[in-house]
Amino acid sequence: MAASPVEIEKFQIIKELQLLNTKTLFTSVALSIAPLAAWAGDSIQTDRPDFVESSNTVGMGVFQLETSVAWSRDKSAGIIVSELSTPTLLRYGISSNWEVRLETNGWMHQTTDDPATPPKSRESGFADYSLGVKWHQTDGDDKTGAPSVGWLFHLDMPGGADAFSTSKVRPSVRGVAEWELSDDFSLGVMGGVSYGANDAGGRYWAPILGVVLGKSFSDKLRGFIEFSGEEFRRKADGGSSLALDAGVAYLVTRDVQVDMVFSHGLNQYTPDYTLGFGLSLRFN
């Protein structure tokens with residue numbers, strides 16, 4: 001029995017609605033996946049928690065806050081020194097390849113326990129601050145093996161509490177090279193030199209060296225191990241600051257990162273242990 005014109009029209013309407021619902025479903029899925037793909041390629045890139053800086057800048061008009069709480073402990077000749085600090089870095093992009101920077105160890109509290117001279121002594125106050133710029137010179141090239149390269153120029157300025165301050169301006173320059181390796185590994189090398197000041201007011205030149213091996217476990221989670229040589233100094237200038245570090249960083253969103261880092265000092269001039277927890281925020 002042939003269908004009536006009314007039934008044929010009803011069938012065509014139902015078919016068109018089913019097709020429209022199918023298109024809507026695929027469109028919704030595509031729109032939900034697109035932000036995830038953008039997140040993976042356009043997420044916050046920080047200079048923490050590792051010692052080796054990133055070669056990249058934050059981008060023009062972008063403000064970035066990288067802050068943390070760190071605790072360290074050192075025991076030497078029976079004297080135990082514990083220190084709490086709040087390392088903080090502010091970054092602002094003035095162009096696609098340049099950023100200005102303000103860095104400090106923030107508010108600090110130090111406790112010294114010397115059994116020969118009880119009770120414990122305590123010092124609190126703000127640390128000195130550092131003004132700087134970063135220049136991203138070039139992107140990496142996987143085909144040629146060329147690294148991504150950046151340069152940092154800083155001036156450490158006096159201004160903190162007496163217990164945590166140096167009276168002289170201390171300039172430094174650092175260069176960073178980063179390579180993307182196979183299996184989601186990466187390698188970063190940072191070298192440089194600083195012109196420091198010792199407790200007696202004397203000046204010295206000190207090399208800087210850091211090497212970090214990173215691993216991305218997913219689009220959100222990465223880890224690293226590294227050697228950090230903050231300054232290679234003579235004993236008269238305070239001794240070299242050398243450590244082995246390990247840590248992880250997790251992207252909460254593409255603009256928010258949390259991290260953790262643990263450091264083990266390699267000599268008597270570096271704290272035995274340091275533990276830090278960080279939070280980084282990006283504002284476009």
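Glu180 is exposed, because its relative accessibility is 61% (exposed means over 50% relative accessible area, buried under 20%, partly exposed in between, with a 1.4 Å probe and protein chains only). The structure is a predicted model, in which local features need pLDDT of at least 70 and side-chain atom pairs count only at pLDDT 80 or more, while totals for chains, interfaces and linings use all residues. Residues are numbered from 1 along each chain as its sequence is written, and side-chain values use heavy atoms, without hydrogens and water.

Glu180 sits in strand S9 (strands are DSSP runs of E with at least two residues, helices runs of H or I with at least four, numbered from the N terminus).

Strand S9 (residues 170-180) runs antiparallel to strand S10 (residues 185-197), and nine bridges join them. Pairing requires at least two DSSP bridges between two strands. Ala177 stands opposite Val189 of S10. The two strands form a hairpin with four residues between them. In its turn, Asp183 has a positive phi of about 60°. S10 is also antiparallel to strand S11 (residues 203-216), through 13 bridges. Phe185 has Lys215 in S11 as its bridge partner. Five residues lie between the strands of the S10 and S11 hairpin, where Gly201 takes a positive phi near 95°.

The model holds 13 salt bridges (a side-chain nitrogen of Lys or Arg within 4 Å of a carboxyl oxygen of Asp or Glu). Arg91 and Asp47 form one, at 3.9 Å from N to O. Arg91 lies in strand S3 (residues 88-93) and Asp47 in the loop between helix H1 (5-41) and strand S1 (63-76), so the pair ties together parts 44 residues apart in sequence. Arg91 is buried because its relative accessible area is 1%. Asp47 is buried at 4%. Asp47 also meets Lys134 in a salt bridge of 2.9 Å, N to O. Lys134 belongs to strand S7 (residues 129-138), 87 residues from Asp47. Both Asp47 and Lys134 are buried.

Glu99 and Arg101 form a further salt bridge, at 2.7 Å from N to O. Glu99 is buried, with 0% relative accessible area. Arg101 is buried at 4%. A network of salt bridges links Asp47, Glu53, Glu66, Arg91, Glu99, Arg101, Lys134 and Arg174.
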